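Hi,

Here is the structure I promised to pass on.

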Amino acid sequence: MASSAQPRAEANIVLLGPPGAGKGTQAKRLAAQLGVPHISTGDILREAVAKGTELGRQAKAIMERGDLVPDEVVIGIVRERLAEGDCRPGFLLDGFPRTMAQAEALDEMLAGLARQALVVLDLEVPEQELLRRLTGRRVCQGCGLISHLEELGGAKQCPRCGAAMRQRDDDKPQAVSERLRVYQRQTAPLEAYYERSGRLRKLAGTGSPDAIAAQALASWQQAGSGALGNTWRP
Ligand code: AMP
């Protein structure tokens, strides 16, 4: 990474978009490129469920039916995580915020931490495509590889490590419909919230992952150069 006497802009990024928009895939790439941690509240919650912690026990049934975990729980998780030292150069939030209360809490946290402005990258994908991606998604129980039925060509074993490929409980059709409904009702209004404050950058979430990643990076860079004069503060 280049060292410079100039203070480098922080990369404080939220990836917004419905379930299945590819936030996880893009977040991993962008976070690696920008050298900031990828913070996925869904991954943190799934890990808690797998470990059987108190948090996991609270969240399990809610997640399986496709509903949202209570605001105060996820806000607490993100507040603790953003205070960690590795978030100083920035962070990439994936799956948070998902409600207005969470978005407002995030703005308060950033003000409290005296952080530079946030850039919100909004991945847009047509509903039919979301359904195809979500209901066909399979996850390796061994190495965590995420694939799709069409890519696996009927194989039930992971092409990378040989362990079983499984469907997430919340990728079953009923939960998927509920998650998309919840997104429209609770999360889609955040677009207007971030647009009003000039922080929203929309981008197409269809096409090759590499092309989307390049577009996401370019959007962040454009927003960043604009953000030098961005006086918006929570
Ligand atoms: P994801 O992997 O981001 O789709 O998240 C999986 C599930 O975790 C969601 O369907 C919710 O039940 C829960 N979850 C993740 N992030 C949040 C959040 N910010 N607020 C509430 N629930 C969340």
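Let's start with a proline: Pro97 sits in the loop between β3 (90–94) and α5 (helices, H or I with at least four residues, and strands, E with at least two, are DSSP runs numbered from the N terminus). The peptide bond joining Phe96 to Pro97 is cis, with omega at about 0 degrees.

Before you go further, please keep in mind that this is a predicted model, where local features need pLDDT of at least 70, side-chain atom pairs count only at pLDDT 80 or more, and totals for chains, interfaces and linings use all residues. Residues are numbered from 1 along each chain as its sequence is written, and side-chain values use heavy atoms, leaving out hydrogens and water.

Ala114 isn't a glycine, yet its phi is positive, about 55 degrees. Its relative accessibility is 64%, so Ala114 counts as exposed (that means over 50% relative accessible area, with buried under 20% and partly exposed in between, using a 1.4 Å probe and protein chains only).

Now for the helix packing. α4 (residues 71–82) packs against α5 (residues 100–112) at about 25 degrees, their axes 10 Å apart (axes are lines fitted to C-alpha atoms over the stretch in contact, and angles run from 0 to 180 degrees between N-to-C directions). That makes α4 roughly parallel to α5 (under 35 degrees; over 145 is roughly antiparallel, 65 to 115 roughly perpendicular and the rest oblique). From α4, Asp71, Val74, Ile75, Val78, Arg79 and Leu82 meet Ala101, Gln102, Ala105, Leu106, Met109 and Leu110 of α5, where contact means heavy atoms within 4.5 Å.

The other pair is α6 (residues 127–136) with α8 (residues 173–187), at an angle of about 140 degrees and with axes 10 Å apart. That makes α6 oblique to α8. On the α6 side the contact is made by Glu127, Leu130, Leu131, Leu134 and Thr135, and on the α8 side by Pro173, Val176, Arg179 and Leu180.

Last, the aromatics: the structure holds 1 aromatic pair. The ring centres of Tyr193 and Tyr194 are 5.2 Å apart and the planes are at 65 degrees, so this pair is edge-to-face (rings of Phe, Tyr and Trp, the last by its six-membered ring, pair if their centres lie within 6.5 Å; planes over 60 degrees apart are edge-to-face, under 30 stacked and the rest tilted). Tyr193 and Tyr194 are both buried.

Cheers
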